[in-house]
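Welcome! Please take a moment to look over the sequence and the model, and then let us walk through them together.

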Amino acid sequence: MKNKLIPILLFLSIYLNAQSVQYAWRNFTTNDGLPSPEVYTVIQDSKGFLWFGTDNGVSRYDGYTFQNFGAPEGLTDNVINCIQEDKAGRIWLGSMWGKVFYCENGVIHPFAYNHLIEAYRKSFYVIAGISRFEKHGNTEGGVLVGMVNLGILKIYDNGQSELIAAPQAPALLSFTSDKKNILVSQVVSNGVSYPHLTDRSLPLFVYDGQKLIEQGAFKIKSLQDDRTNARLKTIGNSTYLFTGKSIHRQKEDKSFNRRPYDRPIFDVLTDEDGLVWTAEGLNGGVRAFKNAEEIGQSPLQIILEGVSAVTMLRDRDGGYWVTTLDEGVFYLRDKRITIFNKDNTGFPFNILSSIDNMDASKVFVGFKQGEVGLFDKNTYKYQSIARLPNDPIYNLKWDARHKQLWFGGFLLRKWQNEHISTLEKTNSVATSVGGVKKIALNFQKNAVWVIGAGGLREVIGLTARRRLSEDAVNAKDRLFSVFEDRQQRVWVGKQDGLYRLEKESWVAVGASMHTALTARIEDMAELPNGSLVFATKGNGLVIWDGKKAINIRKQEGLQTDMLENVATDSLGNIWVGTLAGLYKISRKDGNGQWHVQPITIFQGLPSNEINDIAPIVIARDKATEGGVWVATPKGLVLYQDKPSVDSVRMPFLDYFRAVDSLRDLSQSRVLAARENDIDIAWHCINFKMNGKIPYRYRLHTSDEWRHTYNKNIQLPSLFQGDYDFEVQAQNENGVWSASLKTPFTVLPYWFETWWFRTLLIVSVAAVSYLYYQNRIKRLQKEHALALQINDLERSALATQMNPHFIFNCLNSIQLLIQRGEKNEAMTYLSRFAKMVRLTLESTRRGKVSVEEEVETLSNYLTLEKLRFKEQLSFSIVTNSEIDAYNIEIPAMLIQPFVENALKHGFDSMSKTALVTISFDADKDFLFLKIRDNGKGYIFKESVHTEEEDCNEKTSVGIELSRQRLALHNGQRADEDLSITPIFDENKNTLGTEVCLKIKIIKA
């Protein structure tokens, strides 16, 4: 009877002393993509993928989705209980019922020699393990298959095989790789035992690659019970055998000592703290022991209580994975976070509104539903202090010096010596401030500062029994925070920024300290060096050392600038609470820079809503570690601030596709011009990010980073050139990884190549040169022709005008002689001779000065006046600023207009003719006006002298002059020549005005 009670007492002691610890586990089930809730094994391959063997195939998890392989993918035997990766990266799969497969490049292949295993199918129970061995020297590589009740089947790559078994056909209990050896435990079957072993003593063998070597013996209580679910594990320097009802530890003499255990242990794992975890069947969950020697005794912790755990794995990033027989897979991101709530403590509620630590293990907790209590994390005991169903707890503060707890809701209360004192409503600080929203300690006066929506009060009370008094400090504006620093300065946070209380007055100080302190101040704290820390609503965090301020915002690592609360610890760390998680802000590497570390649901928080913070400092064996209590709507959280795995894994390339064709960049990184539609996919394994990994990429090292959450990018119609594509991944702490670099080159089309462009440039240059030469020759010919035409026109004009003029002059001289007017005839003849000389001279030179042109016109008009007697009067006016001697104009250009004025303007007229000629000039042009009072010309509609608008009597001389003017000026003649009739108010013709614009050529 006494012996029967021992297991019962042992069982009860386990439950009486163990703590049911609740970490932030995530449970993956068929709802998340697992093919089955029954998961037998898990491994992590060299790329970081997790492989799960289930009773419905195998599943690969990449942190985003589960990729399942079953019968449709070629896995014809779906119950997979053995998985191993070989050196080539192939994943080997062993089914429970005797088939082997391997997965290569995402494709399932059946093992070529499954028929050799099938030949032993009637002799073994299940496959217990599979191990790949590589070729060594002249020895072929192959596969080891462990078969329960039979032994090890060694199958070489050339198809040869051999069965390795101990004498008397022992049954295989376990098949475990341990460095270079294979540990094999064997059980005597069919009543046969080894002669040198006692009854029910069984041998242990080690397979060294060639044969089985006996390593000792162990005892079992029941052959039927103990051979089920047996596992061999090496923990530290000791080898343990876990059978159905026993735990065996190998001694120095190779024998085993045995102690009974009530549940089968399927797997053993050592965690980051050195604790030994056991995965236990029969709903035993996971249990943590101080060391391997205490396995089977009272555990320190019970984890995942009630779960039938099978295998455990700690991944490369420090996360923990537990597979189960009926509830899928459990994943723990970070073991540093422990959650306390209604499920594992005596908490009445889960929504915590305020907390403050009493010491390193105890913390006061206030609930939104109106209760205050004290929780001890070492004993998991919760003590209720006050239950106030209609009074929500807004804030509480522990005064360690006077051993009293202040807490406020609608009223202010104090707990001391197990007694609660409440301010009376008639003298209530809550009545005057609109509820106690924030409390700050005043250590010098054994008092507290209390604020609410309506104002601030200083509450003084020396003992719990003494009626508390209040001294009013009025405030009209809404207040949000209050803090008294070690210099006894009282700081108050208002909607419009930071204020300091000086006597009975508010002093706005925020703007003078930092512009960020002009926003709403939500909370305040003080660092050990005296620097003050302010949490703002919208402007992030401000650290002020008394001289200068540092502002930490989103660009420095915070996820939001809307802060809720702030606290500091004795190690100089700043803890910031937001609605987007908890943040630790600390000095990094002694460089004076502040480092922001996020602690959110990615690290294991049950909620990102942080209602309050209470830092603690823990001394562990002369090593000081920080930590913090966190109040959330989903329970109390203890975050132990100790080093953990903080790896930033570089992404790896999934595929590189060009125009829907996969490309092997190890063969060539050069793409044809038509292959410029690129699709690049990458992958990063980070299970903590729950499929929300930020990436950034760029095409050239000089480009700006582009950010995305996608795992691929499509680059359509890339231009030809060299590309240095790189992508980085960000971990949960906001740190970027090294770059996955994928350089490649897109070749140009033939018409974009350098040789084609060179040929094109040369061809264009040659054609342009030939065209230029031809154009020059043509222009030269045209210029020569123009000169010739100009000379011909001038000669023709002179030829035309000279006979006409000479005839008129000689006729006039003849008339004067006939009349006997010899003096007049001599004067006329003298002027005529001079006129002929000037005309001939100008015709020869082609150009005349303005002075010479005026003299020629004057002689011409004088001769005509002698001919017409008193019927003609003329005047020639030259602007005195004109350099008449150095400005040249084409010869005989003006003469036709004057002649036509006399010829057509004075025909059959009885009145005295009047001709006025004026010269004016600017910098570039000479302006000439010829005005007469003759009958003028008959115009159709236009006032201009274009050929279609002038009457048919327009002289050939004027037309020639127009063309010559155009050649001289280099533009259209109608822009530089106009003949305009002059009308009176009754539209009667008064005369004609000719205007010429002649380009100035310096002599």
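A salt bridge, in the sense used here, is a side-chain nitrogen of Lys or Arg within 4 Å of a carboxyl oxygen of Asp or Glu. With that in hand, we can begin with a group of charged residues: Asp262, Arg263, Glu280 and Arg287 are linked in a network of salt bridges. Please keep in mind throughout that the model is predicted.

Let us look at one link of this network. Arg263 and Glu280 meet through their side chains in a salt bridge, at 3.1 Å from N to O. Glu280 belongs to strand β24 (residues 276-280), while Arg263 sits in the loop between β22 (256-260) and β23 (265-270), so the pair ties together parts that are 17 residues apart in sequence. Buried or exposed, what are Glu280 and Arg263? Both of them are buried.

Another salt bridge joins Lys335 to Asp273, with the closest N and O atoms 2.5 Å apart. This pair links distant parts of the chain, 62 residues apart: Lys335 is in the loop between β29 (329-332) and β30, and Asp273 is in the loop between β23 and β24. Lys335 has a relative accessible area of 5% and is therefore buried, the cut-off being 20%. Asp273, at 39%, is partly exposed. Glu502 is partly exposed, with a relative accessible area of 35%. The count of salt bridges comes to 30.

Now step back to see the chain as a whole. Its secondary structure comes to 10 helices and 74 strands. There are 1003 residues in the chain, and buried residues make up 52% of them. Of the contacts between residues at least 6 apart in sequence, 52% join residues at least 24 apart. The chain exposes about 48400 Å², and carbon and sulfur atoms supply 50% of that area.

What about the inside? In soluble globular proteins, nonpolar side chains tend to be buried together. The largest nonpolar core here has 41 residues, and those with the most contacts inside it are Ile894, Val898, Ile917, Phe919, Leu926 and Ile930. Helix α8 (residues 850-868) gives the largest share of this core, six residues. A second, separate core has 34 residues, among them Val286, Leu304, Ala309 and Ile355.

Aromatic rings are our next stop. A pair of aromatic rings is described by the distance of the centres and the angle of the planes. The count in this model is 41 aromatic pairs. One of these is the edge-to-face pair of Phe347 and Phe367, at 5.7 Å centre to centre and with 70 degrees between the planes. Phe347 lies in the loop between β30 (337-340) and β31 (352-357), and Phe367 in strand β32 (residues 362-367), so the pair links distant parts of the chain, 20 residues apart. Phe347 is buried, with a relative accessible area of 4%, and Phe367 is buried too, at 0%.

Phe367 also forms an edge-to-face pair with Tyr382, at 6.2 Å centre to centre and with 80 degrees between the planes. Here strand β32, which holds Phe367, is linked with strand β34 (residues 381-387), which holds Tyr382, and the two residues are 15 apart. Both Phe367 and Tyr382 are buried. Phe347, Phe367 and Tyr382 belong to one aromatic cluster, together with Phe340, Phe349, Phe375, Tyr380 and Trp629.

Tyr749, Trp750, Phe751, Trp754 and Trp755 make a nonpolar surface patch of about 650 Å². Phe751 lies in the loop between β66 (740-746) and α6 (754-818), and at 39% relative accessibility it counts as partly exposed.

Our last stop is Ile91, in strand β8 (residues 91-95). Ile91 is buried, with a relative accessible area of 2%. Leaving out residues up to four places away in sequence, Ile91 touches Asp45, Trp51, Ile83, Gln84, Glu85, Phe101, Tyr102 and Cys103. The C-alpha atoms of Ile91 and Arg132 are separated by 9.9 Å, and these residues are 41 apart along the chain.

Conventions
Residues are numbered from 1 along each chain as its sequence is written. Side-chain values use heavy atoms; hydrogens and water are left out. Helices (H or I, at least four residues) and strands (E, at least two) are DSSP runs, numbered from the N terminus. Buried means under 20% relative accessible area, exposed over 50%, partly exposed in between (1.4 Å probe, protein chains only). Contact means heavy atoms within 4.5 Å. Accessible areas come from the Shrake-Rupley method with a 1.4 Å probe; for residues, only the protein chains shown count as cover. A nonpolar core is a set of buried Ala, Val, Leu, Ile, Met, Phe, Trp, Tyr and Cys residues joined through side-chain atoms within 4.5 Å. Patches are made of residues with over 30% relative accessible area and no salt bridge: like charges are joined within 9 Å, nonpolar side chains (Val, Leu, Ile, Met, Phe, Trp, Tyr) within 5 Å. Rings of Phe, Tyr and Trp (its six-membered ring) pair if their centres lie within 6.5 Å; planes under 30 degrees apart count as stacked, over 60 as edge-to-face and the rest as tilted.
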